[in-house]
Amino acid sequence: MAQLYYRYSTMNAGKSIELIKVAYNYEERGKNVLTLVPAVDNRYGMGVITSRIGLQRDATVVTDETNILELFMRENQKRKIDCVLIDECQFLKKHHVQELTEIVDSADIPVLAYGLKNDFRNELFEGSYYMLVYADKIEEIKTICWCGRKATMCARVVNGQFIKQGQQIAVGGNEMYVALCRKHYNDGRLNDK
């Protein structure tokens with residue numbers, strides 16, 4: 001029986017590389033995967049999933065208006081889809097997550113969604129909230145703070161300064177976000193200096 005998996009972490013934990021690895025494993029066995037990425041994540045180009053170590057994979061772009069269930073059904077008519085993989089799932093809308101559950105429940109196809117849980121203000125993203133509500137399996141991908149403790153928070157850095165106010169979504173990489181443990185997020189320390 002297929003399930004909806006939500007695999008979350010902070011920045012730099014290897015979520016995208018994990019997705020690329022899972023896609024490779026399916027395809028190596030002659031299976032077809034449908035890889036998706038929200039349009040808001042265009043750091044490396046539109047429709048591209050990229051890990052920080054340089055591996056890339058093309059993906060179908062999901063906009064706020066996209067009906068993922070309809071998209072899946074169209075692709076499944078062209079070629080049998082064995083698994084759906086989505087990167088940056090925190091940027092999904094409620095209806096997207098509900099459409100993913102319908103793929104799992106009606107088509108009996110596993111869906112693996114990778115993304116952040118909380119934002120730089122330590123609040124849930126819409127997609128993260130609904131993944132926590134609807135996912136059959138919730139798995140943490142662990143990474144560490146500069147001090148060696150488990151990182152659970154994402155700090156936003158603007159002009160070298162740690163900030164906790166601003167728009168929820170500002171797409172960026174290592175120059176803009178740092179994974180921290182709760183202690184160092186709360187005291188605002190970005191490193192041991």
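Guide: Two strands pair if DSSP finds at least two bridges between them, and strands (E, at least two residues) and helices (H or I, at least four) are DSSP runs numbered from the N terminus. The model is predicted, with local features needing pLDDT of at least 70 and side-chain atom pairs 80 or more, while totals use all residues. Residues count from 1 along each chain, and side-chain values use heavy atoms, without hydrogens or water.

Visitor: In what order do the strands of the open sheet stand?
Guide: The open sheet is built from six strands, and the pairing between them is parallel. Strand 5 (60–62) and strand 8 (137–140) each have a single partner strand, so one side of each is left without a neighbour in the sheet. With those two at the edges, the order reads 5-2-6-7-1-8.

Visitor: Which residue of strand 6 is the bridge partner of Leu 36?
Guide: Strand 2, covering residues 33–38, runs parallel to strand 6, covering residues 83–86, and four bridges join the two. For Leu 36, the bridge partner in strand 6 is Ile 86.

Visitor: Is Glu 75 buried or exposed?
Guide: Glu 75 has its place in helix 2, which spans residues 68–78. Buried means under 20% relative accessible area, exposed over 50%, and partly exposed in between (1.4 Å probe, protein chains only). Since the relative accessibility of Glu 75 is 16%, this residue counts as buried.

Visitor: How far apart in helix 1 are Glu 18 and Lys 21?
Guide: The side chains of Glu 18 and Lys 21 meet in a salt bridge, with 3.3 Å from N to O; the term means a side-chain nitrogen of Lys or Arg within 4 Å of a carboxyl oxygen of Asp or Glu. Both are partly exposed, Glu 18 with a relative accessible area of 23% and Lys 21 at 45%. In helix 1 (residues 15–28) they are three residues apart, which means a separation of about one helical turn.

Visitor: What is the relative accessible area of Lys 142?
Guide: The side chain of Lys 142 meets that of Glu 140 in a salt bridge of 3.9 Å, N to O. Glu 140 is partly exposed, with 26%, whereas Lys 142 is exposed, its relative accessible area being 56%.

Visitor: How many salt bridges does a search of the whole structure find?
Guide: Some salt bridges share partners, and in this way Arg 7, Glu 18, Lys 21 and Glu 139 are joined into one network. Across the whole structure, the number of salt bridges found is twelve.
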